[in-house]
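Biologist: Could you walk me through how the calls on this model are made? I'd like the rule next to the value each time.

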Amino acid sequence: MKRRLLSVVVLLVVAGCGLAPAPARGLPAPGPAEPVRLWQDAAIFATVSRLVGGASARVLVEMYEFGRADLEDALVAARRRGLDVRLVYDPSVAQSARAAARLAARGLPLRSYPLDDRRHQIDHVKLLVADGRALVAGMNWGANSARNHDYGLETWSPAALERLTAIFEQDWSLAGGVPRPLVAAAAGSPAFQTAPGTEVRGVLLGLLGAARAEVRAEVFVLTDREVLAALAGAHRRGVRVRVLLDPRQDVNLPSRRLLEQAGIEVRWYPAPPGTKLHAKVGLFDSGRLLLGSANWSASGLSVNHELDLETTDPVAIRTYASRFEADWSASR
């Protein structure tokens with residue numbers, strides 16, 4: 001552990017070498033409106049119910065943790081309406097495996113994601129595609145997930161839907177024994193995956209490297225050395241970096257110390273007992289918002305199957321910025 005921490009400290013120092021603090025330049029102009037909407041906390045489940053209940057052709061779900069009886073019933077009801085309803089689930093999660101067994105007994109087509117146990121991999125994706133809309137989130141569908149602080153991004157962008165549907169079909173095919181990994185996301189695509197590939201890592205590091213004025217982040221687990229170094233590098237460039245972490249994840253303790261030693265503002269989110277700060281979200285220069293399932297850890301950015309979505313929509317950005325500031329003020 002000491003050797004690992006020392007290597008991270010070296011990375012933090014190297015990230016700042018030769019970079020004198022400089023005043024941040026002005027924020028970029030807000031982007032044009034996009035076909036997206038940001039949802040928070042338990043309201044995410046109202047969106048899920050609306051999308052599944054209103055679908056007329058297809059409901060595709062890929063979910064790490066699934067334990068809500070109401071959503072089991074909603075999927076079965078959609079199937080009985082004649083829709084194409086399919087589920088990909090992570091078999092390593094006990095409540096997901098139990099839900100899958102119940103759904104299979106009720107006639108729902110489903111497949112378990114083939115995990116690479118040698119790498120301690122999980123299928124951490126949280127994706128819903130319902131007709132011409134999709135929801136990408138950090139929020140699981142667990143029995144107690146609604147208690148957590150989290151975000152989801154609903155989109156009806158044709159480009160996003162095409163990519164998200166392709167990722168689901170890639171995973172459905174893989175779970176059926178026929179690997180058909182997608183090529184890397186095309187330029188301009190807003191959806192990014194991990195394993196196959198490291199798209200989320202590349203996008204995140206690119207956003208941190210390009211930040212000119214401010215980075216605001218809420219992260220369940222933040223331990224990846226490259227990300228820690230990139231945060232320190234942004235701070236050394238004169239970017240204001242603020243990070244909220246879940247206080248009950250012990251793995252965040254060394255990261256908080258390292259970031260504070262680098263001069264970065266870090267606080268614990270005030271999660272009530274029995275709840276978590278479960279978000280994995282960053283806002284960069286008040287112009288680009290990235291969120292989804294990927295923790296900012298080596299597993300989340302290199303090993304697990306993950307899915308993130310990016311937007312420049314000004315309403316989504318203002319909504320997130322407002323919530324972040326409220327969370328920051330309430331944190332310590």
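Predicted model: local features only at pLDDT ≥ 70, side-chain atom pairs only at ≥ 80, totals over all residues.

Modeller: Take strands β12 (residues 280-284) and β13 (residues 288-292), which run antiparallel and are joined by 4 bridges. Numbering starts from 1 along each chain as its sequence is written, and side-chain values use heavy atoms, with hydrogens and water left out.

Biologist: What makes β12 and β13 a pair?

Modeller: Strands (DSSP runs of E, at least two residues, numbered from the N terminus) pair if DSSP finds at least two bridges between them. β12 and β13 have 4 bridges, so they qualify under that rule.

Biologist: Why are β8 and β11 said to stand at the edges?

Modeller: The open sheet has 7 strands in the order β8-β14-β13-β12-β9-β10-β11, with mixed pairing. β8 (191-194) and β11 (265-268) each have a single partner strand, so one side of each has no neighbour in the sheet.

Biologist: How do you know that Thr312 makes a polar contact with Glu34?

Modeller: Their side chains come to 2.8 Å. A polar contact is a pair of N or O atoms within 3.5 Å; within protein, one must be able to donate a hydrogen and the other to accept it, and residues adjacent in sequence count only if both atoms are side-chain atoms. The 2.8 Å pair is within that cut-off, so the name applies. Thr312 itself is in the loop between β14 (306-311) and α10 (314-330).
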